[in-house]
Amino acid sequence: MAYNKVENATNRTFERTMTYDLYTDPKVLDKEMDLIFSKSWQLVGHVSQLEKPGSFFTTEVAKEPIIVIRGQDEVIRAFYNVCPHRATKLEKSEAGKKKILQCGYHGWTFKLDGKLNKAPNFRGEDAACVQDACLRPVRMEILESLIFVNLDDQAKPLSESYGDFFERLSKFPFLGELKRTHQKTRIIQANWKAFIDNYLECDHCHVAHPSFVAALDMDDYQIITCENYSIQGTIVKPDKNYGSVDLNQAEMQGGSFYWLWPNLMVTIYPGPGNMATIQMLPIDHENTLAVYTYYFRDENLTQEEKDLVAFAEQVRQEDVELVELEQIGFRSRAFKKGVYSSSEKAIVQFHEMVLEALNE
């Protein structure tokens, strides 16, 4: 176990955090890719990206190339984006619409359901050798219009993996009207777990997030740990607004912020019907690609929706500055561990899951 307990002067017992080498050792990330990211459900997209047959997008999960495509039969499927002939990456575009998929190496073509169409260099009697060749499917599930994949064929179904999370999510009446409107990315100079830690507590909010604290009732702020996820949030303060958003008249009058194991955060801010997802995708042990995806009713945002995005991005920028400073400290010889406060139960939950997955 990579954390232990310490007593203070009043004999209250506090738990020590995970050791900081888990944030700085490149060998740890190798284990995480194998034991965490390759065995967990990963959000890859939204059904609004695949409205017509032949629509597709490509992505990576645990460094594996993936393609998600809607077939002519309207079924959405996910495959490894790899040709079975000679392991070439099949589709190079990030998104598009195709009637057929073609490998750019030897010209093999595949139908939208993954079955082989033609293998030009296998003719005559040779054709029988590859007649059953097809794209390798990836396990995929869709809940609340969100598309998830899992590289582990033995993993529990998505609906069973996160307790009652999707039931909670379904209670927001506007979610069915939303579509993926835009996405932003940035590189954070910190280990992926550092941002998760930051997200899972709000002890820093009064210090680092003045606009957040000004808008929301922090006296009623709650953090609750659930099965493989946690939820935190509160209601808005009376007579508060940000930009053009009148929070007391808003469609959503509270903030709900979810974390799903291991690296997904789902946020619903006060204001017009909205949702955003945040994903922390490791680049290496000390750099992370942060992916911020927004969901509104229309790509042409109203002024209220633009103000909501500006508010969310200001809070995120403040968080990025904190975790990049934290990463500097992780590398220091000054301390090997930190200390949990009693309000940081969600971080404890996250750390316990990391340590269990890594067999630490």
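Reply: Let's start at a hairpin: strands S14 and S15 form it with 2 residues between them, and in the turn Asn228 has a positive phi of about 65°. The model is predicted, so local features need pLDDT of at least 70 and side-chain atom pairs count only at 80 or more, while totals for chains, interfaces and linings use all residues. Residues are numbered from 1 along each chain as its sequence is written, and side-chain values use heavy atoms, leaving out hydrogens and water.

S14 (residues 222-226) and S15 (residues 229-235) run antiparallel, joined by 5 bridges; strands pair if DSSP finds at least two bridges between them. One of these links is Ile224 with its partner Ile231 in S15. Strands (E, at least two residues) and helices (H or I, at least four) are DSSP runs, numbered from the N terminus.

Now for helix H1, residues 26-35, where Val28, Leu29, Glu32 and Met33 are buried. They sit on the same side of H1, because they cover an arc of only 140° around the axis, taken from the directions from the helix axis to the C-beta atoms. An α-helix has 3.6 residues a turn, so residues three or four places apart point the same way. On the other side of H1, Lys27 and Asp30 are exposed. Buried means under 20% relative accessible area, exposed over 50%, and partly exposed in between (1.4 Å probe, protein chains only).

What covers the buried residues of H1? The cover includes helix H5 (192-199), strand S20 (275-284) and helix H9 (345-357), with contact meaning heavy atoms within 4.5 Å.
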